[in-house]
Amino acid sequence: MALFQSNNPVFNEKVLQKAGSSHAEGTMTIKGTINKMAFLLVLVLAAAVYAWGAPARQQDIMPFLWGGALGGFVLAIIITFKKEWAQYLAPAYALAEGLFLGVISVLYSNLYEGIVLQAVGITFATFLAMLILYRARIIRATEKFKAIVFTATAGIALFYLLAFVLSFFNIHIPFLHEGSTIGIIFSLVVVTVAALNLIIDFDLVETGAAQGAPKYFEWYASFGILVTLIWLYLEILRLLSKLNKR
């Protein structure tokens with residue numbers, strides 16, 4: 001079965017082919033992946049709750065913000081290139097991102113009451129909806145579907161990178177943060193693309209299990225889904241903030 005390269009950078013055909021070449025520790029299963037995904041989510045939640053309580057403890061939140069963001073980024077890069085280390089580094093990644101998300105959530109909550117609970121609820125509702133659509137085969141991860149989502153995701157990534165570079169020259173793209181009609185439409189498109197990433201992630205988990213990928217790939221796959229979920233949550237927060245501005 002040929003696999004188109006996933007838009008999620010931690011999943012692609014070469015990864016599955018290489019992973020399938022080793023079975024010393026047993027083979028990957030969907031159940032095992034679900035269990036590890038649940039564990040990583042618990043770590044994210046625990047770290048986020050701890051960071052959320054930092055202001056009440058009169059702690060400086062900036063170390064959590066930058067430490068979590070940079071630490072998570074570095075760990076993600078390492079895991080992407082050293083997938084067999086995922087069983088050791090994925091929990092650390094979850095903790096780092098949890099600290100980052102906790103601080104981001106506090107900042108948004110200070111601006112708009114109730115926005116964090118709304119974002120969490122919508123994120124997990126979207127996850128379940130995508131899972132149902134995938135399991136019912138209503139949305140299929142065909143190669144055409146993967147190509148479209150990959151192209152859209154790459155375009156969004158390049159746009160964000162351009163906006164980041166321009167910010168150093170005090171050039172800001174208004175609709176990226178403002179609650180204009182264009183800004184809201186843009187965020188809706190990004191949220192949709194992030195959600196569609198989950199379909200490809202689910203397909204690759206199922207394919208990895210079917211092809212007998214090694215056991216550590218369960219951690220790697222769980223890490224990949226977590227990357228998508230974090231992106232989805234942040235984009236939903238951005239969208240809700242734009243709606244609140246109106």
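Read along the sequence, the chain of this predicted model follows the pattern α-α-α-α-α-α-α-α. Its secondary structure comprises eight helices and zero strands (DSSP runs numbered from the N terminus, H or I of at least four residues for helices and E of at least two for strands). Residues are numbered from 1 along each chain as its sequence is written, and side-chain values use heavy atoms, without hydrogens or water. Local features need pLDDT of at least 70 and side-chain atom pairs pLDDT 80 or more, whereas totals for chains, interfaces and linings use all residues.

Of the 246 residues, 47% are buried (under 20% relative accessible area, 1.4 Å probe, protein chains only). The chain exposes about 12,600 Å², of which carbon and sulfur atoms supply 70% (Shrake-Rupley method, 1.4 Å probe). Among contacts (heavy atoms within 4.5 Å) between residues at least 6 apart in sequence, 87% join residues at least 24 apart.

The axes of helix H6 (residues 143-167) and helix H7 (residues 181-210) come within 10 Å and cross at roughly 130°; axes are lines fitted to C-alpha atoms over the stretch in contact, and angles run from 0 to 180 degrees between N-to-C directions. H6 and H7 are therefore oblique to each other, because angles under 35 degrees count as roughly parallel, over 145 as roughly antiparallel, 65 to 115 as roughly perpendicular and the rest as oblique. On the H6 side, the contact is made by Phe145, Lys146, Val149, Ala152, Thr153, Ile156, Phe159 and Tyr160. H7 contributes Phe186, Val190, Val193, Leu196, Asn197, Ile199, Ile200 and Asp203.

Key:
Buried means under 20% relative accessible area, exposed over 50%, partly exposed in between (1.4 Å probe, protein chains only).
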